[in-house]
Amino acid sequence: MEQENKKKQQLEDYTVEDRDKALTTNQGLKMSEDEFSLKVGDRGPTIMEDFHFREKMTHFDHERIPERVVHARGTAAHGYFESYGDASDITMAKFLSEKGKQTPVFVRFSTVAGSRGSADSVRDARGFATKFYTEEGNYDLVGNNIPVFFIQDAIKFPDFVHAVKPEPHNEIPQAQSAHDTFWDFVANNQEAAHMVMWHMSDRSIPRSYRMMEGFGVNTYRFVNEDGVAHFVKLHWKPVLGVHSFVWDEAQKIAGKDPDFHRRDLYDAIEQGNYPEYELAVQLIPEEQEFAFDFDILDPTKIWPEEQVPLRKLGKMTLNRNVDNFFAETEQVAFHVGHVVPGIDFSNDPLLQGRLFSYTDTQLIRLGGPNFHEIPINKPVCPFHNNQRDGYNRQTINRGQVSYHKNSLQNNTPNPVPRANGGYEHYQEKVDGRKIRARSQGFEDHFSQARLFWNSMTPIEKEHITKAFCFEVGKVQSMDVRKQVVEMVAHISHDLAKTLGEKVGVTATIETIPEETETKQSPAVSMYTNPIRFVETKKVAVIIQKGEEAKPLIEALEAAGIVVEIVSDRQGTLGDVISDHTFDTASPVLYDGLIVATKFEDALTQRKVETFIDEVYNHYKAIGYTDEDVIQVAYSKAPGVVKGLEAFIDALATDRHFDREYAIG
Ligand code: HDD
């Protein structure tokens, strides 16, 4: 249960209710008219004097701000984090210091490549950025749903982003990596190999923001009160487990409901199905920095969970939607440099560059240095310093003094020693020459790409193979295709061979090592230990008459399933309301289907059959009430079942992939 939420209280001071209020200008002047501009006669020109028109139009003309240069498309929610216990042995961060301690949070999920208006279901990494409003200041954990990254050094970030974004000569394609410049980048910057394996896996098409992991990706430091430090990687583990679309479905959803993930999160929270994620850390003591066969500062490497186990620190619950998308979701400003005592940085060269970029980007996006005063960004603890002025300054700092040191104000605001909660950077000893170079420890780009491949179940391997064939198949340049196949050969012979055949290139596969890499990390597989559940899954029920369906619907709802009725018309059908026709609903928007009727009208029945086909082709559970409502061939397939209980059991399995081999 959530206790008092300081952020919620703070935001309430800024929240305005416009309902039942008089319409005024921004100066508070009540206006008698808002439909007609001030004119000379009813057919004459508009006159300059019309301050109301000018104010309204000027404000409108300036409504848009630049979208985020990456992660432009996203959605967010409020919630709270609750600590499982006292983690003071590893960090002095107060929000982790006692069992049951709650901290307000705001989380923004996003895609990376697409524009603000692009579709949710595209193949892409997902951003998972959390702002903890702690009593010691804001802590931002700015992560993704994939634990590694495309590049090893932040100086390459502009290059990588230029390559994945729509191509500059024609601005095509939107929100996709299936094009020449992306794959040209990958083939020529092979540090991307490991990330590309994850990107081609089903992780890149999550079923829901509620059902994906989050990773801080970079290596940070946790420091305790005694100054003892650990290298740390941070993880979010969704309580519902990790679940994904299938690719054909994801592409169709992009058209049928481009807001799919945004809607899914919003609806779940409105329905009281609050998403939950556990925060976990992997820790490596300072003295073991070089104890592994990978460089722990390299952001293209995971720390296999089997080697460095997870320690769970607490749970986050998202329980409130925003009141205003622009004010909150669009204006929230995350930054990896927003930390609290006990959380520090490593020399991971990607992280070091990120530490510059995030403030810099807010300056252009949010229009100046005062973005910390925007309500969603404001800490819930007091903040005082000698920074002043700038565009849109809200704070009215009283007094004569705005400098340190001073005598006129008793030398305040004054720095606070570490012992009293002042932030002090970890005193790492660093010694070296100034060089533009990369550590030798970062040179191996393929071992973990192979580790990932070797850890996949057969169905995951098949999906990765198909994703490669799709993406590389969209590349126009045969030379780039060939380069990609040659690169993939360093990861897997089989994958490279199939890919080469499918995309029509003969590659020189000479440098491939034998498939000697046998190491596995089962934790990276989505399907080795899948979580079975039905709660919050969405099911379409096809009916004609309400009476017969009512008990069925009630039973589904009692199991926590979200039900939508689809029929040949909307509105009342006896005792129940039909939510959709076959035109407003789409089979790709449901996790499962129950067919409870057959329509006499041939055209309508064809629509039902198309509906069933699509659900079937995406391996989702299908239930039926009677043999004659379903084709015989289907009724024998895995996951196509008669009766409620069997359906609920079938629905708990996300996808019945064995179906593909059962028929035809
Ligand atoms: Fe970044 C946004 C995550 C590397 C520069 N990044 C941004 C967001 C997320 C991430 C989740 C969206 C935050 C929001 O919802 O507002 N970024 C990552 C991860 C990375 C990563 C997990 C690899 C470990 N990013 C990265 C690098 C740079 C940036 C190497 C530049 C040196 N990222 C930015 C940015 C953005 C951003 C340009 C765009 C909008 C914003 O910051 O606020 O500063």
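1. In what order do the strands of the open sheet come? The order of its 6 strands is β15-β12-β11-β16-β17-β18, with parallel pairing (strands pair if DSSP finds at least two bridges between them). At the edges are β15 (580–581) and β18 (640–642), each pairing on one side only.

2. A word on the source: this is a predicted model, where local features need pLDDT of at least 70, side-chain atom pairs count only at pLDDT 80 or more, and totals for chains, interfaces and linings use all residues. Residues are numbered from 1 along each chain as its sequence is written, and side-chain values use heavy atoms, with hydrogens and water left out.

3. Inside the sheet, β16 (residues 592–595) and β17 (residues 621–624) run parallel and are joined by 4 bridges. Ile 594 has Gly 623 of β17 as its bridge partner.

4. Now have a look at helix α13 (residues 493–503), whose buried residues are Leu 495, Ala 496, Leu 499, Gly 500 and Val 503 (buried means under 20% relative accessible area, exposed over 50%, partly exposed in between, with a 1.4 Å probe and protein chains only). They sit on the same side of α13 because they cover an arc of only 125° around the axis, taken from the directions from the helix axis to the C-beta atoms. The face turned away from this buried side carries the exposed Asp 494, Lys 497, Glu 501 and Lys 502.

5. Ser 492 caps the N-terminal end, with a side-chain oxygen 3.3 Å from the backbone nitrogen of Asp 494. Just after the helix, Gly 504 takes a positive phi of about 75°.

Key: Helices (H or I, at least four residues) and strands (E, at least two) are DSSP runs, numbered from the N terminus. A polar contact is a pair of N or O atoms within 3.5 Å; within protein, one must be able to donate a hydrogen and the other to accept it, and residues adjacent in sequence count only if both atoms are side-chain atoms.
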